[in-house]
Amino acid sequence: APVKVQKICCIGAGYVGGPTCAVIALNCPDIQVTIVDLNQARIDAWNSKDFKLPIYEPGLEDVVRKARGRNLFFSTDVDKAINEADLIFVSVNTPTKKSGVGAGFAADLNYVELATRRIASVATSSKIVVEKSTVPCRTAESMRTILEANSKPNCHFDILSNPEFLAEGTAINDLLKPDRVLIGSLQTPEGIDACTALADVYANWVPKERILTVGLWSSELSKLAANAMLAQRISSINALSAICEATGANIDEVANAIGFDSRIGPKFLKASVGFGGSCFQKDILNLVYLSESLHLPEVAAYWRQVVDMNEYQKRRFAKTVVDTLFKTITGKRIAVLGFAFKADTGDTRESAAITLIKDFVAEKALVQIYDPKVEHEQIWLDLAEAIPGTPIEAIKKQVTICASPVEAASKAEAVVIATEWKEFKEIKWEDIYATMDKPAFVFDGRLLLDAEKLRKIGFHVTTIGRGA
Ligand code: NAD
Ligand code: UGA
């Protein structure tokens, strides 16, 4: 019979583990939830008295305030939390491999494996181990093999796949009202019992018909498939934006017209300077690698094109800026508004802004950045990584981080919108215009601004997906 879960441990206190398990704690006051991480600074931030949490996510602080200390705990004592729990989420990072076999494509499963081995070596009772990280198809099988080979007598492990579909910036809402919760298990009696135990946890707040239970491999593949199809929609609309610019069609009108078809639907059709975030590119490359390993080169090439189109879109936008500014930006000041990969997050992983700034720096421009949420230190780390071989002091001669949009626009020849922060809509553009060199250019990479209004002030405006 399924166990009744009383204690949960989550390994990995990041963007997924933190919010996901905080919401479980909020909705399941009878379950004790302990989120652990090796990173002491991260755990200290989760535990901070003034709730200066390590990640910014609307609504998160409220959830943590309600549950922390009641049935939600953050700790670096990984072994203790593993030992006490009946159910363990593995929610560690799975970045793209940087070296070795599959470098640049395959997922680096080292952190998943280390966490799995830790569970095997310290557990003294049976556990349900849940793969929460996004992993290649059949990873659960490797986890099972490791656990079984290293476990103590009387310890039985059931492995579940329970991928996470939250998006950053809306994580809390996505977790409170998920479109669906997906749980994959082996179709054995034990596997199905474990699956029921986890489904019962979610049933505390998720309607039963939204909790889908499937086989392990379907669950793992569904996560990669969902991200690949979401990213594919963006690459499709961005490919069309290039046609719009060349023909005078308007991408907003096109997206609206096709989105009215109920089979296509209106969401996720916003043309942009390119998708970013820690997962779309990583998960597609992972799917490409999987397809190649399965000797399916046509399938691999098909998905690969989604990433290639995204690279093209970023480069194309940077080139538009240079071309419009009379084919040279050497020594010119360019304000970049937004550094996060999307609005309402401080996360910068794979942000399109990084690629743009890298290109502007290579063209010897002076870049003035403003973002309302991203930490300055993070911006320097990202630029140092994106522009290898150049000392950070040299980068700092070309790049300044500013405290407001007006400061970023000071004496600039162009303002580039890289992130769709709502506050950029509400800027007093007259003040921006006054401080800029003339002619003053605006490049809207996010379809955010009212171009006509800006033109009336005197700006030259270029919007992605709109002809001149
Ligand atoms: P993250 O880097 O923010 O967090 C991972 C955490 O795990 C880090 O704090 C790290 O210190 C910790 N960790 C690594 N190895 C550990 C170990 N052995 N023991 C204890 N702690 C360990 O990553 P994330 O964004 O939370 O992503 C986690 C997984 O979830 C990834 O597989 C990702 O693909 C997937 N995912 C992410 C999102 C998202 O929006 N960020 C959404 C859905 C799925
Ligand atoms: C995405 C998925 O939406 C989540 O379901 C998934 O769980 C997550 O990846 C993951 O696996 O990590 P996330 O990357 O946080 O979530 O954010 P999205 O809202 O999907 O945006 C991704 C990128 O696409 C952003 O740069 C965003 O600006 C861009 N985007 C999004 C567009 O350019 N146009 C759109 O219409 C939508």
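## About the model

Please keep in mind that this is a predicted model, in which local features need pLDDT of at least 70, side-chain atom pairs count only at pLDDT 80 or more, and totals for chains, interfaces and linings use all residues. Residues are numbered from 1 along each chain as its sequence is written, while chains are lettered from A and ligands numbered from 1 in the order in which they are written.

## Helix α5

Helices (H or I, at least four residues) and strands (E, at least two) are DSSP runs, numbered from the N terminus. Helix α5 covers residues 110-122, and its 13 residues should span 18 Å at 1.5 Å a residue; the expected span is 1.5 Å times one less than the number of residues. The end C-alpha atoms of α5 are 18 Å apart, which agrees.

Which residues of α5 are buried? They are V112, A115, T116, I119 and A120. Seen down the axis of α5, these buried residues fall within an arc of 140°, so they line one face of the helix; the arc is that of the directions from the helix axis to the C-beta atoms. A residue is buried if 20 or more other C-beta atoms lie within 10 Å of its own, exposed if 12 or fewer, and partly exposed in between, with C-beta atoms placed from the backbone. The cover over the buried residues of α5 includes the strands β1 (7-11), β4 (87-90) and β5 (127-131), along with the helices α4 (78-84) and α6 (139-150).

## The annotated residue C279

The UniProt annotation "active site", from an unreviewed entry, covers C279. UniProt positions are given in the numbering used here, feature names are shortened, and annotations may be inferred rather than shown by experiment.

In the model, C279 sits in the loop between α10 (251-259) and α11 (280-293). C279 is buried because 24 other C-beta atoms lie within 10 Å. Not counting residues up to four places away in sequence, C279 touches T134 and N227; two residues are in contact if their C-beta atoms, placed from the backbone, lie within 7 Å.

## The two ligand shells

A residue is near a molecule if its C-beta atom, placed from the backbone, lies within 6 Å of it. Around ligand 1 there are 27 residues, the closest being G12, G14, Y15, S133 and T134. Helix α5 gives the largest share of this shell, three residues. By class, the shell around ligand 1 has 13 nonpolar, 10 polar and four charged residues. Here Ala, Val, Leu, Ile, Met, Phe, Trp, Tyr, Cys and Pro count as nonpolar, Asp, Glu, Lys and Arg as charged, and the others, Gly among them, as polar.

Ligand 2 is surrounded by 20 residues, and C279 is among the closest, together with K270, S272, F275 and G277. The largest share of the shell around ligand 2, three residues, comes from helix α9 (residues 216-247). This shell has 11 nonpolar, five polar and four charged residues.

## Backbone details worth a look

A cis peptide bond joins K438 and P439, with omega about -5°. P439 belongs to the loop between α17 (429-435) and β13 (441-444).

H295 is not a glycine, yet has a positive phi of about 60°. H295 is found in the loop between α11 and α12 (297-324), and counts as exposed because it has 8 C-beta neighbours inside 10 Å. K364, also not a glycine, has a positive phi of about 65° and lies in the loop between α13 (352-362) and β10 (366-370).
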